[in-house]
Each structure stands twice: as structure tokens, then as C-alpha cells.
Amino acid sequence: MLILSLDTSAAASAGLVRNGVVLQRFASTDTRSHAEVLAPAVEQLLAAAAVRGTELDAIVVGVGPGPFTGLRAGIATARMLSFVWSVPLHGVMSLDAVALDAGHAGGEFAVATDARRKEVYWARYRTESPLPVLVDGPHVGPAEDVPDLPVYGRGAGLYAERLTGSAAATELTPDAAALALVAEHTLARGGTLRPTTPLYLRESDAKVPGPRKKALL
Amino acid sequence: MNRSEPLVLGIESSCDETGVGIVRGTTLLTNAVSSSMDEHVRFGGVIPEIASRAHLDAMVPTLQQALDEAGVQLADVDALAVTSGPGLSGALMVGVAAAKALAVATGKPLFAVNHLVAHVGVGLLDSGKLPENLGALLVSGGHTEILRVRNLASDVELLGSTIDDAAGEAYDKVARILGLGYPGGPAIDRIAAQGNPAAVRFPRGLSQPKYLGTAEQPGPHRYDWSFSGLKTAVARFVEDCEARGVEVPVADVAASFQEAVVDIITSKAVLACTENGITSLLLGGGVASNSRLRQLTRERCEAAGITLTIPPSSLCTDNGAMVAALAARIIMDGDEPSGIGFGTDSSMPVSTVHL
Ligand SMILES: [Zn+2]
């Protein structure tokens with residue numbers, strides 16, 4: 001199975017994975033230039049592996065949670081590629097990538113990424129082979145809300161002192177290649193993936209204006 | 001690339017319309033638009049995050065619709081184009097990401113173009129040639145500008161613009177004050193027809209001599225507009241009526257407000273034209289469908305010997321066809337594509353026609 005995967009829930013990343021083997025990967029560290037870097041990265045990835053888009057078996061995209069504008073860049077890209085190439089499209093929750101990369105030894109653990117506004121996106125997992133199983137989440141909230149477990153990911157590092165549990169592997173952010181592996185394992189076992197509906201978790205900040213105040217009365 | 005009559009697909013997402021248009025040279029083939037306007041009604045104005053979310057979901061269906069309507073296959077397209085600015089950055093980002101993916105997937109060249117200049121680009125459709133000494137007056141919820149266009153593809157100059165609210169924004173705010181709903185432009189235009197435009201003398205922003213100066217020694221805002229003072233004046237008037245326990249003469253206020261807006265827009269636009277040798281003016285933007293703006297612009301242009309062009313309403317509001325039309329012109333002029341490494345620029349100046 002040949003999968004092109006994208007994730008822009010934190011930094012931008014892209015991966016090309018064939019039968020469990022990562023052929024190519026791209027990762028940026030910048031969290032604010034997704035729309036600039038992602039398309040060139042996809043083009044280079046495919047060219048480097050001499051793969052044509054129409055040869056892909058699936059396109060997988062991280063559906064967040066993540067900061068809105070960046071998250072949409074990946075999903076908009078994935079949807080368009082899938083449309084033009086007529087390749088099946090799947091969504092995967094972005095925290096699943098961190099959960100896989102965490103390589104937790106046994107039992108339950110949590111994953112946290114940066115949600116800005118002094119909050120984290122987090123989810124709780126149970127160790128299983130070959131894939132960790134999502135037990136609870138995703139949620140957005142203060143680091144204090146994350147359960148008292150080992151907490152993996154950049155979100156854990158940012159607020160280590162506010163966690164009830166312990167921070168681990170604080171360099172980890174959602175990586176597209178890991179997402180592709182999650183997707184491949186899931187599909188191989190006959191499981192289903194998500195639609196590409198973004199997991200915003202927060203409403204837009206818009207407020208319905210109240211009635212205009214009368215001057216007197 | 002076919003440079004004589006290129007088949008161009010344009011994508012627009014700078015505000016609340018997701019547009020995909022297709023042109024062949026200067027011929028319009030289709031103009032598919034999906035608007036999130038209804039989702040903004042209860043907020044009384046465009047909410048950028050809501051617009052951006054809507055763009056994401058509307059993009060592929062709007063593209064599909066455009067291709068179907070035009071009977072065009074992606075393989076036939078010569079080039080792609082997208083608005084990269086100015087506009088709401090989160091909204092622009094969706095169109096740019098989608099357009100770049102389309103470019104990667106099809107291998108077609110991509111042109112990143114300026115939204116404001118694209119409004120002028122529609123003036124090319126079905127005429128083929130831009131008039132000499134061209135200017136453009138753009139009036140919408142997002143902008144109010146007067147431009148001089150020496151060469152659409154390479155030489156556009158901003159002569160004047162609003163220094164605060166866009167005219168369409170002022171309409172929305174005043175409509176809210178008068179309880180007329182959103183969008184404010186059509187609501188005010190409708191009720192103003194029954195009112196007396198001379199009932200209340202509302203201020204014309206930046207019209208004092210210290211701002212205007214003279215043709216020889218122009219003041220700091222000779223061709224600029226300001227609508228925030230006007231909006232405040234309307235609010236004061238309404239509050240005053242309420243304080244006195246008098247019923248607000250809504251139709252008269254709407255008509256008088258509209259007259260103030262249209263009077264100052266047209267007088268400054270015509271001033272800019274006559275002093276800059278502009279003899280042909282194109283009126284564009286969503287507010288170009290306002291009946292009073294059309295009427296007074298026509299009258300004053302006629303009196304000043306300026307030829308006025310007003311494209312059909314569907315091409316005045318934001319759309320993808322205007323993006324495609326501008327890119328087609330850029331291609332016919334021999335310019336090169338933008339690549340896929342560019343970013344969005346929410347305040348892209350009009351002097352940057354394309355990247
Ligand atoms: Zn516009």
C-alpha cells in the first residue's frame with residue numbers, strides 16, 4: 001500500500017509510506033508557513049521517490065486538533081490532491097501520530113500538543129500492538145486537565161510544571177509519516193479511518209452582537 | 001503554455017465568497033461562487049474564522065461545479081490562478097493551499113494575483129481590450145479604492161482609498177443601527193428609495209480644505225475617504241431621536257446616509273479622474289450594484305466627460321472569473337508564473353499585480 005500523508009496541525013509535515021516503510025519524509029519546524037511550504041514538499045517527495053500521484057493507494061491527512069489556519073492548509077491540500085488524482089482520502093486524528101511515535105512501554109499514557117492560549121490539545125491512550133488505542137479525547141484545555149499519566153509531546157514540555165503527570169519525549173509533534181503508519185495498520189485490520197472534517201474543538205471567537213443600547217429611557 | 005488565448009482557471013477566497021471561474025482569453029466560460037454570507041447574518045458582518053471554515057468545505061465542490069458548467073477537463077486548462085492578497089489571511093490561506101495542490105496535481109503553471117487588480121480584470125471580459133487612460137473605482141464591504149491602471153498586468157497605482165471603514169462596512173454598521181439587518185447595502189438601498197436624501201445633512205469625511213488641498217498642492221487625503229465619522233453621526237442622530245421620544249425616520253436617515261456615502265465617493269473619484277487624466281472609469285466591488293451609486297457615478301462621469309463601465313453584478317462581487325481574467329491578461333502579456341512557494345499577503349499593495 002502506497003500512502004501520501006500530510007499533517008499541518010502543528011508544524012507542517014509530509015510523508016510517503018509504502019507497506020510500512022517510510023520512503024520519504026518532510027518536516028518543517030515553523031508553525032506559520034504551512035501554505036508556503038506544503039505543496040513544494042509534496043512535489044519534491046513524489047519526485048524523489050519517482051512516484052506519480054495517480055499511483056497512490058491513499059492520501060491521509062491529520063485532521064487535528066490544531067490551530068485553525070494551519071490545520072486547514074493541510075486539509076485543503078489533501079482534499080484537492082485526492083480530487084484531482086481520484087485517490088481515496090482519509091483523515092487521522094493528529095495526536096495518534098504522537099501516540100505512535102511515543103513508543104510507550106505499557107499501560108496508559110497521554111499525548112499533548114500546543115493549543116496556544118496557554119492550553120493544550122490532549123488525548124489518552126492505552127498501549128497495544130501494533131497501535132496505541134485511543135481511550136479518551138481529543139480535548140482542549142489547561143495542562144492541569146491532562147490525566148496523571150506519562151504525557152508525551154511538545155504540549156507536555158511547554159507546561160511540564162502544570163501537569164499532574166510527568167512530561168516525556170517533549171520534542172514530539174504530529175508527524176505525517178507516523179500518521180500514514182497509523183492509517184496503514186488500521187486499514188490492514190479492516191478498521192475505518194475518519195472523514196477529513198477538521199477537529200477544531202473550539203468555536204470561532206465570533207459573538208452575536210447584543211441589541212443596541214438605547215441612549216436614554 | 002498557450003499565450004494567445006489561454007484557458008485559465010481562477011480561485012478566489014479573500015473574503016466570504018469561494019469562487020472558481022474559468023475564462024478562455026477574454027471570454028468568460030463560467031463563474032461558480034459559493035457564499036458563506038448567510039452564516040454571517042447573525043453577527044452583522046463577516047467573521048473571518050467562519051468564512052475560512054466555509055471556504056475549506058466549499059472549495060472542491062465549487063471547482064467541480066465550475067468544471068461541469070464550462071464542460072472543461074482539468075487536463076485542458078493552460079494555467080491556474082489564485083488570489084494571494086489582499087484580504088482576510090485565514091481565508092486567503094485556504095484558496096492558496098488548494099490552488100497550489102491543484103498545481104502540483106495537474107502540473108499546470110500557477111499565477112498568484114492581486115485581488116483588487118482582479119476586480120479591474122473583469123472589465124476585460126467580452127471586450128478584449130482595456131480602454132486608454134483607465135481608472136477603477138472599487139467599492140465593497142472590504143475595500144474602497146480609486147486606482148489608475150496604465151497596464152493591467154504591470155502598472156497599477158493607488159490614487160486614494162478609505163482610511164478607516166470600507167463603504168460596505170459603513171452600510172452594514174448603519175443598517176444595524178437602523179435595525180435593517182445584514183447585509184446592509186441592499187437593505188439600505190431598498191428603504192432609501194422611500195426616503196428624502198436631503199432630510200439630514202450627514203458629514204462628508206475628509207472633505208475639508210485641510211485634507212483636500214488644491215490640485216497643485218494636494219492635501220494629505222485629497223482622494224481618500226473616511227466613513228467612521230459618518231457612521232457615528234448616524235448613531236448620534238438616532239440616539240437623539242430616541243432621547244427626545246421621536247420616532248426615527250428610518251427611510252429618511254437611510255436615504256440621507258446613502259446620499260452622503262455616494263456623494264463623497266463619486267465626487268472624490270471624479271476629482272481623481274479629472275486631475276490624473278483618466279477618461280475611462282470602471283466601477284467594481286459588491287457595492288457597485290447599489291442603485292444610487294450607479295446613478296450618481298453615471299451622472300458625474302457624464303458631466304466630466306468620463307466613460308463609465310459597470311460590469312454585471314455577478315462579476316462585480318468577489319468571484320474566481322476575475323482572478324482568471326487577470327491571469328489570462330498577464331499570460332497574454334508574456335509574464336511568467338509565480339511557482340508554488342509564495343505565501344499570502346493580507347495587505348498586498350495594488351502595485352503588486354502578481355507575484
Ligand atoms: Zn473584492
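View 1. The contact, meaning heavy atoms within 4.5 Å, involves 33 residues of chain A and 37 residues of chain B. About 3,100 Å² is buried between the two chains, and carbon and sulfur atoms give 70% of this area. Buried area is the accessible area (1.4 Å probe) that two parts lose on being put together, summed over both. B:Arg53, B:Leu56 and B:Glu242 supply 20% of what chain B buries against chain A, more than any other three residues.

**View 2. Fold and dimensions of chain A.** Chain A holds 10 strands and five helices; these are DSSP runs, with helices being H or I of at least four residues and strands E of at least two, numbered from the N terminus. The C-alpha trace spans about 75 × 45 × 30 Å along its principal axes. Among contacts in chain A with a separation of 6 or more, 62% are between residues 24 or more positions apart.

**View 3. Burial and surface of chain A.** Of its 217 residues, 53% count as buried, that is, under 20% relative accessible area (1.4 Å probe, protein chains only). The accessible surface of chain A is about 9,100 Å², and 51% of that belongs to carbon and sulfur atoms; areas come from the Shrake-Rupley method with a 1.4 Å probe.

**Notes.** Residues are numbered from 1 along each chain as its sequence is written, and chains are lettered from A and ligands numbered from 1 in the order in which they are written. In this predicted model local features need pLDDT of at least 70, side-chain atom pairs count only at pLDDT 80 or more, and totals for chains, interfaces and linings use all residues, while side-chain values use heavy atoms, with hydrogens and water left out.

Technical notes. Buried < 20%, exposed > 50% of the residue type's maximum accessible area, 1.4 Å probe, protein only.
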